[in-house]
Amino acid sequence: MAYMLVRIRLHDFDQWKSVWEEPQEIKIRRAYGCKEERIFRGTDSPSEAVILMKWGDLEEAKEFGISSELRLAMNRSGGADTPDVLFMAVSYTHLTLPTIL
């Protein structure tokens, strides 16, 4: 599994989210191999969002990141600043915090 973490400042979060949630946009992300996604919104800066997407493999995530479909969706969503993008792989998982004696 691979992850794509995107941090972005949006001009209009609600407009961006309405485009993100369109059925055709969901189908595009699935076609590129997106398995799961979570959107976080800044509590102190509501125009800032972090998107965490889970992918089948790293190449699928990178292909989506440079896709024309993504550029078109970002243009339709009312614009945003250039995002910070980080591609990651899981190196450690611990579902509960360890007990420290």
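Buried residues have under 20% relative accessible area, exposed residues over 50%, and partly exposed residues lie in between, with a 1.4 Å probe and protein chains only. The model is predicted, so local features need pLDDT of at least 70 and side-chain atom pairs count only at pLDDT 80 or more, whereas totals for chains, interfaces and linings use all residues. Residues are numbered from 1 along each chain as its sequence is written, and side-chain values use heavy atoms, without hydrogens and water.

Helices (H or I, at least four residues) and strands (E, at least two) are DSSP runs numbered from the N terminus. In strand S1, Ala-2, Met-4, Val-6 and Ile-8 form a covered face, while Tyr-3, Leu-5, Arg-7 and Arg-9 form an uncovered one. In a regular strand the side chains alternate between the two faces of the sheet.

A nonpolar core is a set of buried Ala, Val, Leu, Ile, Met, Phe, Trp, Tyr and Cys residues joined through side-chain atoms within 4.5 Å. The largest such core has 15 residues, and Met-4, Ile-51, Met-53 and Trp-55 have the most contacts inside it. At least two residues of this core come from each of S1 (2-9), helix H1 (13-20), S3 (48-55) and helix H3 (58-65). S3 gives the most, with four residues.

Phe-87 lies in strand S4 and is partly exposed, with a relative accessible area of 30%.
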